[in-house]
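Good morning, and thank you for coming. I shall speak briefly about a sheet and a pair of helices. Please look at the structure first.

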Amino acid sequence: RVVAFGFKNNQKTLPAKITELTFGGFFCIQDNLQAGVRESVGKVKSAGIRVVMATGDHLATALSIARDAGIYNQGDKYITSRELQALSDDEFKKVIQTISVFARVTPEDKIRVIDTLKSLGEIVAMTGDGVNDAPSLTAANLGIAMGKIGTEVAKEASSIILLDDNFASIVSAIEEGRIIFQKIKNIILYLFSTSAGEVLVIMGAMVLGLGIPLKPSQIIWMNFVTDVFIVIALAFETRERSLLTRKWSVSQHKMLDLTMLIRILVMGIVIMIGSLILYREFYITDPVKASTIALTVLAVFQWVNAFNVRSETSSAFRSSLSSLKYLIGAIVFVSILQAFVIYNPLLQKVFGTTALNLSDILIIILMSFSVIIIEELRKLIYKLLKV
C-alpha cells in the first residue's frame, strides 16, 4: 500500500478543511514475508511440487511478493483475470504449466485453475483464509486453511487447518507424510517378498518331488513370531535423507508399483532357490534335519532381506550403525528365539526340528546373503539406467 503525506507550518489548530499542504512524500507499507518462507518454497520445489500464487491483488504486488518468496523466477509467466478469461479451455491447458502467478483473479478463476490442473492429472493443494476462498478450497484435492487469520467458512471447507499459519508447517507435513508412506511401502515389500519366498519354496519342493519342507507350526512360527519383531523394527527406522529432495513419479505414489512387484519376484525367487538347494541336500538322508534347515534358512533369508527393503535405491552397506540399531536389535532377539526352537528339546517336539551343528549354521548364513547381493546388483543396474 502507498500513502501520500503532507504538512503545514505554523498551524496551531486543525481547521475543518485542510488546504494548502506542502507535499512531503510517500509511505510505502508492505507486509513482510514470514521467516523461512523462501527456504520452505525451495524445499517444496526440490521435492517435485510446483508452487503457484493465485491472488486478487494487483499484478505488480503479486509479482513482488512471488519473487521474494521464490515462487516466481526468471522465465516464468504470469497472467491476470482478464487474460485468463480470454483463453479457451484448450488454450489454457497448454500454458498453465508455465504460469507461476495469477493476479487479480476471482473465486471463479481460482476454481478454473484448480479444475484445469486436476484435468491434467495433477494433485492440487490450495491454501486460503477468506470466505471467497471456500469454493476453491473445496474444489482442490486438499484444502488448507489458516488457523489464526482464517475465517470459519474457510476452515469448514478445508481438509487441514494450519494452527500457526506458517508455510513451513506444510513442508514438514509433506516430509512426515512421505516418511509414513515410505515405511508402509517398505513393510509391504518385506512381507510380500518373504511370503512369496515361502510359497515358492513349498511349490518348488512339491514339483521336485521333495515333499513339503515346512510344517504348519513352522510357518506359523515364522509369520507370527519372528516376522512381527522385524516389522516393528522397520516401523521405527530412521527416514531416508532423500525423501524430501527427490522427485516422486506418479508410480511412486502407489502402494504397489512395477518396481516393487519386480523386487518381490526377484527376492522370492532367490529365497526359493537358496532354500531348496540346502533342503534337497539333506532330504534323502535326514528329512527332519532337512526340514529344520529349510525353516532356519527361510528365517535368516527374511532377516537379511529386511536390510534390502529399507531403501529402493540406496545400498544397504552404506547405512550407519546408528540407523540400524532397531533392526539389529530385532534380529538378535529373533535369533535367540530361533535358537530355542532348534536346540530346546521341548520346542523340538512342538516344531519337529533337530539340532544343527556350526557348519550348518555357517552355510545357512552364507546362502542367505545371496538375496542381498542380488538386490545390490539390481540397485546398481537401476542407478546406471537412471544415469
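We begin with an open sheet of 3 strands, in the order β6-β7-β8, with parallel pairing; two strands pair if DSSP finds at least two bridges between them. Strands here are DSSP runs (E, at least two residues), helices likewise (H or I, at least four), and both are numbered from the N terminus. The model is predicted, so local features need pLDDT of at least 70 and side-chain atom pairs count only at 80 or more, while totals for chains, interfaces and linings use all residues. Residues are numbered from 1 along each chain as its sequence is written, and side-chain values use heavy atoms, leaving out hydrogens and water.

Strand β7, residues 142-146, pairs with β8 in the parallel sense over 3 bridges. Within β8, Ile161 is the bridge partner of Ala145.

I turn now to the helices. The axes of α8 (residues 167-207) and α11 (residues 287-308) come within 10 Å and cross at roughly 155 degrees. Axes are lines fitted to C-alpha atoms, for helices over the stretch in contact, and angles run from 0 to 180 degrees between N-to-C directions. That crossing makes α8 roughly antiparallel to α11, a term for angles over 145 degrees.

Note on methods. Angles under 35 degrees count as roughly parallel, over 145 as roughly antiparallel, 65 to 115 as roughly perpendicular and the rest as oblique.
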